[in-house]
Amino acid sequence: MTLLVLLSKNALKTSFENHVGAILFLVGKFLRFIFYFLFVYYLLSNTKTLAGYTLNQTLLFFIVFNIVDTTTQLIFREVYRFRTLVVNGELDGILIKPYHPFIRILVGGPDPLDMVMLVLYCGLFAYFLPLAVSVDIGHIFLFLILLINTFMLAASFHIVVLALGILTTEVDHAMMIYRDVTRVGTLPIDIYKEPLRSIFTFILPVGIMMTFPVKALLGMLDYRLIFACVIITSGMLLVSLRLWHYALKKYQSWGG
Amino acid sequence: MNSFLTLFRISLEQYFIYRLSFVLWRFRMVLNFLLIFFLWSAIYENKVSLFGYSRQEMFTYILIMNLLGALLFSSRTGDLAGEIRDGKVINYIMKPFSVLRQLLTKEAADKLINGSFQIVETVSIILIFKPPMFIQSDPFVYVAVLVSLCINILISFLVLYLLSLIAFWTAEVWAPRFIYFIFISLLSGSMYPLDILPKSLYTILLFTPFPYFNYLPTRIYLKGFSVSLIFPFFMSLVWVVILYFLSRKIWNKGMKEFSFFGR
């Protein structure tokens, strides 16, 4: 834990080395959110519903998507820098350290800029939650469980990217594809027609990650689907860890 | 002319060196479009007309937007910023052609290859999902669309070129580009027709370069060329002139500041 705090402090200092860039990126993220939020708000104010969801419910989907997206970026930011460690051989130095390499390469560089945006999203979530649904403690509990499930799924995706990084040195595109695939869950997955909806729910489990937690919150999720979520996530986690161990066996230092 | 054709060919060949990167980039573009396509499908569910657009017109609008997205979002101008920072920009200066023309040639190759793929992807989407489509029958409209499209390409190229020139003064070149792409993804009409916005906001937008990227040619295609479009058309030309002179001025200013050792 002390090590994680130390690595986080380090990441915080690195982020603010270039103040102007950090502030501009923060402004960019803020503008992107506000523009998109207003767009959805304006559309739904006119149409009243989207795939059967009201304006406030749709906004709740959008806000939760942003909370998940930002939190995963906050936690797993170091994965974006993994390629450099592989190609210049620095990964050797991490692998011989007496702690699990994931502490450094998976969760070792949280991005403080994302923290600022997260506060905004959580504030909006607290505001829109009672407007979208009558708050039920059981539904909130399920929501939190499924949110943890989402982060486990995100972790397994990132571990797969790390393994691919070792096997192919390709990290950037894999990360961008992960981001774009999850982006299809910006709005409820119900807007997609079959078979695309099932593909986005169970094969590329964006629906499980982004839509299911909110559906649980709204009391619209069948309990059988909750079990399906847990099974799919456990399977994904197992596969990703197997792939990581396989990649480690194939790893050859690139220089060091 | 031959030199430019050679540069054009080399730029095309570069894409086939990084095939995987290119294929992944195209895959990402398709995914991004699916979100917009299905968002509008859900919105038009059981509706014939909304915001002054029929279902047929709206689907045609977003499909044309997707097609034109290749002209708007793909660009090689980003390379220039890096080349200014590491001094490789000297390679442009030492050649006996204007830098702007060299970059425009590379840009044309980029648009050609991305545009070709975008046509294949858009046709595939039409064949798979069979959305209702509107076919314009007035030949004059096609001419107006073509002219507007050329203006769109010039504006988008010049704005991105200007953003790359920031590299003469600062290493922070990616954040302004990031903000720029956020602006065009929401204010250029690539997700929705700009005239569905409140009238006052739409009028303000007409004074900015954003509507002239993709919105104007698509609007002309759908609703024809009318008197109400003369002002936007004029404004788009004004923006080309402003951006052209601004880019020349800033390039010259940047060259006076530029110094590099070791090449």
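Two residues are in contact if their C-beta atoms, placed from the backbone, lie within 7 Å. By that criterion, 27 residues of chain A are in contact with 22 residues of chain B. The model is predicted. This briefing covers the side of chain A that touches chain B, then the build of chain A and one pair of its helices.

**Where chain A touches chain B**
- H2 and helix H9 (172–183) of chain A each give at least two residues to the side that touches chain B.
- H2(A) provides the largest share of that side, 13 residues.
- By class, the side of chain A that touches chain B has 17 nonpolar, 7 polar and 3 charged residues.

**Build of chain A**
- Chain A contains 12 helices and 2 strands.
- Read from the N terminus, the order of its elements is α-α-β-β-α-α-α-α-α-α-α-α-α-α.
- The radius of gyration of chain A is 19 Å, close to the 18 Å from the globule rule for 256 residues, so chain A is as compact as a globular protein of that length.
- The C-alpha trace of chain A spans about 60 × 45 × 30 Å along its principal axes.
- Of the 256 residues in chain A, 37% are buried.

**Helices H2 and H3 of chain A**
- The axes of H2 (residues 19–47) and H3 (residues 55–76) of chain A come within 10 Å and cross at roughly 160°.
- Angles over 145 degrees count as roughly antiparallel, and H2(A) and H3(A) are therefore roughly antiparallel to each other.
- Their crossing is right-handed.
- Residues of H2(A), among them A:Phe33, A:Phe37 and A:Leu44, meet residues of H3(A) that include A:Leu59 and A:Phe62.
- This contact of H2(A) with H3(A) has 8 nonpolar, 3 polar and no charged residues.

Note on methods:
Residues are numbered from 1 along each chain as its sequence is written. Chains are lettered from A and ligands numbered from 1 in the order in which they are written. This is a predicted model: local features need pLDDT of at least 70, side-chain atom pairs count only at pLDDT 80 or more; totals for chains, interfaces and linings use all residues. Axes are lines fitted to C-alpha atoms, for helices over the stretch in contact, and angles run from 0 to 180 degrees between N-to-C directions. Helices (H or I, at least four residues) and strands (E, at least two) are DSSP runs, numbered from the N terminus. Angles under 35 degrees count as roughly parallel, over 145 as roughly antiparallel, 65 to 115 as roughly perpendicular and the rest as oblique. A crossing is left-handed if the near helix is turned anticlockwise from the far one by less than a right angle, and right-handed if clockwise. Ala, Val, Leu, Ile, Met, Phe, Trp, Tyr, Cys and Pro count as nonpolar, Asp, Glu, Lys and Arg as charged, and the others, Gly among them, as polar. The radius of gyration is taken over C-alpha atoms; the globule rule is 2.2 Å times the number of residues to the power 0.38. A residue is buried if 20 or more other C-beta atoms lie within 10 Å of its own, exposed if 12 or fewer, and partly exposed in between; C-beta atoms are placed from the backbone.
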